[in-house]
Amino acid sequence: MTLATLNLTTLEQTIGYTFTNPQLLTQALTHRSYVNENKNASANNERLEFLGDAVVEIWASNVLFHQFTSLPEGQLTNLRSLLVRTENLASVALTINLGDYLLLSRGEAAHGGRANISLLADTFESLVGAIYVDSNIATVFEFLNKHLLPTLATISQLKVIKDPKSYFQEICQSATGVTPHYTIVSQTGPDHARTFEASVMVGDRSIAVGTGNSKQKAEEAAAIAATKVFETSKPIN
């Protein structure tokens, strides 16, 4: 995908929003790797991602505050963590085929960047930021109500609402008697756009790894992956 071949009309139809300033949508889809490889690309999507992350957070807080009037603050916080976590945002990005429109370097695309969970979630946040800049808070809330709110139905049906790390800790302690801990395996990228890889450890054994644009997100991704390991196979004590 290049700027010359990028046709965003279908994407706008899918998301239900037409940009007044199409350049904002192009920027939202532009990964830093593409800018590094193409001199004609002016800006990547990291600033929009920063803004979109904040918008998603306030939207989620507002929705949960009004829909779950009997939940205490702690459970609301955990529910919000599940709603805005990387995997959930990426799942929405997949439903709108966001990966098909990403502007990536040849290397990033060749290594599966269009299906990378962390990258998809970041791009979804960039898209949210772009819609906010192009319109207003009410419009971007409508977009999130249409595309992200439906995922809340499944999340809220969990018997116990817990953040991924707390949930994995409980099942790990129950299965092994050991409390898991996390270690940051690697950090890549410039200071303003770090990608972290975290490993969740049970004793001296690495159960799973996860990536994210913060240590917390990487650890949550590792916890989710480790939960799947425990749920689909018999853990080794």
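Helices (H or I, at least four residues) and strands (E, at least two) are DSSP runs, numbered from the N terminus.

## Basis

This is a predicted model, in which local features need pLDDT of at least 70, side-chain atom pairs count only at pLDDT 80 or more, and totals for chains, interfaces and linings use all residues. Residues are numbered from 1 along each chain as its sequence is written, and side-chain values use heavy atoms, with hydrogens and water left out.

## Ser 81

Ser 81 lies in helix 5 (residues 73–84). Its relative accessible area is 15%, so Ser 81 counts as buried (under 20%, with a 1.4 Å probe and protein chains only). Beyond its neighbours within four places in sequence, Ser 81 is in contact (heavy atoms within 4.5 Å) with Asp 163, Pro 164 and Glu 220.

## Helix 4 and helix 8

The axes (lines fitted to C-alpha atoms, for helices over the stretch in contact; angles run from 0 to 180 degrees between N-to-C directions) of helix 4 (residues 46–67) and helix 8 (residues 117–134) come within 7 Å and cross at roughly 85°. Helix 4 is therefore roughly perpendicular to helix 8 (65 to 115 degrees). Residues making the contact include Leu 48 and Val 55 of helix 4 and Val 128 and Tyr 132 of helix 8.

Three strands form an open antiparallel sheet in the order 1-2-3, where strands pair if DSSP finds at least two bridges between them. Strand 1 (181–188) and strand 3 (205–212) are the edges, each with a single partner strand, so one side of each lacks a neighbour in the sheet. The twist averages 25° from one strand to the next. Helix 11 (residues 164–176) packs on the sheet and touches strand 1 and strand 2.

Conventions
Buried means under 20% relative accessible area, exposed over 50%, partly exposed in between (1.4 Å probe, protein chains only). Angles under 35 degrees count as roughly parallel, over 145 as roughly antiparallel, 65 to 115 as roughly perpendicular and the rest as oblique.
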